[in-house]
Amino acid sequence: MTTAPEAQEQLAEVARLLAQAQRVVVLTGAGISAESGIATFRDARLGYWSQFDPEALASPEGFARDPGLVWRWYMERYRGLLQAQPNRGHQALAALAVNTPQLTLATQNIDDLHERAGSRAVLHLHGSLNSFRCQRCKRPHLLTSDEQHSVTPPSCLTCGALVRPGVVWFGEMLPDGMLQTVWQAARACDLFLVVGTSGVVMPAAALPEVARNAGATVVEVNVTPSEVTSAAHHFLKGKAGAVLPALLELMQHSGHN
Ligand code: BV8
Ligand code: ZN
């Protein structure tokens with residue numbers, strides 16, 4: 001990764017802070033999965049789905065209005081995920097956890113690329129595209145392969161209501177206890193690393209500020225400034241798949257672990 005001297009300086013400084021940190025919280029967004037070929041939420045406006053506003057599709061109202069359309073959108077993303085592989089950014093975060101006494105990884109993403117890269121106990125603030133449930137009786141639903149290609153959502157085997165993806169839609173609460181857990185971790189950490197998010201969606205996007213106000217050092221990795229850049233002490237401009245491995249490399253060389 002060729003970077004200007006001052007960027008190299010900043011990278012070394014952040015690597016030093018990371019190597020010393022006892023308690024680290026990492027918050028990732030769609031940007032960390034972009035290099036795995038998963039369209040980010042903002043890019044999702046490209047292509048066929050660009051005619052739809054993701055916030056309209058990713059909502060209970062959108063699903064009620066046109067369950068087939070929303071189902072097809074999620075099934076296209078689900079099938080895309082089956083083809084995707086974790087990238088070096090996901091892998092670097094899994095390696096970071098091994099070298100950090102206490103690391104909390106929270107993601108806004110509904111993909112399972114962190115888990116497939118080896119990360120454990122991933123906090124999915126906005127749910128997961130690998131879980132489905134009945135929208136009425138909440139019964140978990142195991143997706144069959146032909147349901148991945150069906151143009152309408154399946155019906156619950158118990159009560160007959162529609163099956164929905166196990167994700168948090170706009171206007172819905174985050175999973176019970178999840179917000180408290182990650183909020184407390186943000187308030188207690190030495191270093192808060194935010195990677196690949198536009199920092200638009202609340203309450204997740206408030207976390208870097210919460211960490212900073214509680215005394216943590218905030219580091220952002222993004223290809224362009226975002227809504228959370230103002231809360232960051234260090235902004236490392238670049239792709240997650242390049243910056244995160246470079247940080248791990250410097251940490252290993254600094255012999256701190
Ligand atoms: C709730 C799951 C309340 C579904 C998602 C007005 C003002 C303030 C708030 C609101 C408001 N109106 C409504 C709200 C609340 C709303 C909200 O925040 N709206 C926003 C739009 C203003 N929030 C909610 O509704 C939340 N719930 O508030 O409940 C409540 C209270 C009481 C009672 C009942 C309810 C729930 C929000 C969860 C929505 N679900 N996802 C699905 O995925 O289909 S949100 C979805 O978009 C993602 O999960 C993510 O969280 C969010 C943003 O996506 P990002 O991950 O940031 O991706 P994005 O594309 O935006 O950006 C990518 C970034 O990566 C960019 O910065 C880019 O530069 C960078 N990048 C690209 N490539 C790379 C890279 N970086 C590094 N390397 C690269 N290679
Ligand atoms: Zn049911």
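The model is predicted, with local features requiring pLDDT of at least 70 and side-chain atom pairs counted only at pLDDT 80 or more, while totals for chains, interfaces and linings use all residues. Residues are numbered from 1 along each chain as its sequence is written, chains are lettered from A and ligands numbered from 1 in the order in which they are written, and side-chain values use heavy atoms, with hydrogens and water left out.

Strands are DSSP runs of E of at least two residues and helices runs of H or I of at least four, numbered from the N terminus. C137 is partly exposed at a relative accessible area of 34%, and C159 is likewise partly exposed at 28%; buried means under 20%, exposed over 50% and partly exposed in between (1.4 Å probe, protein chains only).

The loop between β4 and β5 also holds K138, a residue other than glycine whose phi is positive, near 70 degrees. A121, not a glycine either, has a positive phi of about 50 degrees. A121 is placed in the loop between α7 (113–116) and β3 (123–124) and is exposed, with 69% relative accessibility. A cis peptide bond, with omega about 0 degrees, joins M202 and P203; P203 belongs to the loop between β6 (191–195) and α9 (207–213).

A121 is also one of the residues lining the second largest pocket. On a 1 Å grid over the protein atoms alone, a pocket is an open set of points where a 1.4 Å probe fits, with protein on both sides within 12 Å along at least five of seven lines, and lining residues have an atom within 4 Å of a point. The pocket holds about 230 Å³ of space, the volume being that filled by probe spheres set on the points. α6 (88–98) and β2 (102–107) each supply at least two lining residues, and α6 gives the most, with four.
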